[in-house]
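Welcome, and thanks for taking a look. Please have the sequence and the 3D view ready, and we will walk through a few spots together.

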Amino acid sequence: RPALHRVGIGFDIHRLKRGRPFVLAGGRIPHASGPDGHSDADPLSHAVVDALLGAAALGDIGEHFPEASPRWRGTSGPEFLRRTLALLAGAGWRPVNVDATVFCERPKLGPHKRAVEAALARALGLPASAVNVKAKTMEGLGPVGTGKALAAQAVASLARAPGQG
């Protein structure tokens with residue numbers, strides 16, 4: 001009998017670079033530095049993509065959207081999420097909820113959490129009540145703690161799509 005529910009975990013980290021937009025779940029937060037990478041470098045969206053793909057046993061973000069491919073240069077986090085939802089649907093899965101933690105010293109994310117949650121929920125086609133985003137500092141430790149990087153971790157649960165199980 002096939003599983004009706006699955007859970008996956010994802011993680012992403014990007015260096016911060018002066019002059020880059022600070023992007024989380026596709027939304028911009030005012031700050032002098034932002035995550036640097038091949039795409040929009042949105043670590044929250046990328047961690048959620050990996051959590052979703054992992055839950056469905058569909059590999060990881062690098063397999064589906066390789067950094068070496070010019071096709072994905074500048075692609076937004078929400079676009080990766082939309083494409084991931086299509087992969088999930090093709091495999092008979094749909095997201096149920098996402099819980100994520102963003103690790104960042106600056107800017108302080110508390111005032112932006114609800115907007116980030118709403119943007120992530122929209123990108124996933126989920127009600128706001130099914131998406132939670134927490135913000136944590138690293139207490140000055142490591143590259144995140146010294147303001148050199150931004151990281152995110154996410155857990156996602158899936159259910160069989162209607163008629164799939």
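## A serine in a loop

Ser-39 counts as buried because its relative accessibility is 9%, where buried means under 20% relative accessible area, exposed over 50% and partly exposed in between, with a 1.4 Å probe and protein chains only. This is a predicted model, in which local features need pLDDT of at least 70, side-chain atom pairs count only at pLDDT 80 or more, and totals for chains, interfaces and linings use all residues. Residues are numbered from 1 along each chain as its sequence is written, and side-chain values use heavy atoms, with hydrogens and water left out.

Where does Ser-39 lie? Look in the loop between strand E4 (33-35) and helix H1 (43-55); helices (H or I, at least four residues) and strands (E, at least two) are DSSP runs, numbered from the N terminus.

The side chain of Ser-39 has a polar contact of 3.4 Å with the side chain of His-46. A polar contact is a pair of N or O atoms within 3.5 Å; within protein, one must be able to donate a hydrogen and the other to accept it, and residues adjacent in sequence count only if both atoms are side-chain atoms. A polar atom of the Ser-39 side chain also lies 3.2 Å from the backbone nitrogen of Ala-41. Leaving aside residues up to four places away in sequence, Ser-39 touches several residues, including Arg-20, Trp-72 and Phe-80 (contact means heavy atoms within 4.5 Å).

## The aromatic cluster

Two of those names lead us onward: Trp-72 and Phe-80 form one aromatic cluster with Phe-65. The structure holds three aromatic pairs, and two of them are set out here. Rings of Phe, Tyr and Trp (its six-membered ring) pair if their centres lie within 6.5 Å; planes under 30 degrees apart count as stacked, over 60 as edge-to-face and the rest as tilted.

| Pair | Centre distance | Plane angle | Type |
|---|---|---|---|
| Phe-65 and Trp-72 | 4.9 Å | 85 degrees | edge-to-face |
| Trp-72 and Phe-80 | 5.9 Å | 50 degrees | tilted |

Phe-65 and Trp-72 are both buried, Trp-72 with a relative accessible area of 6%. Phe-80 counts as buried too, at 3% relative accessibility.

## An exposed arginine

Is Arg-18 buried or exposed? With a relative accessible area of 66%, Arg-18 is exposed. This arginine is found in strand E1 (residues 5-18). Beyond residues up to four places away in sequence, Arg-18 touches Ala-32 and Ser-33.
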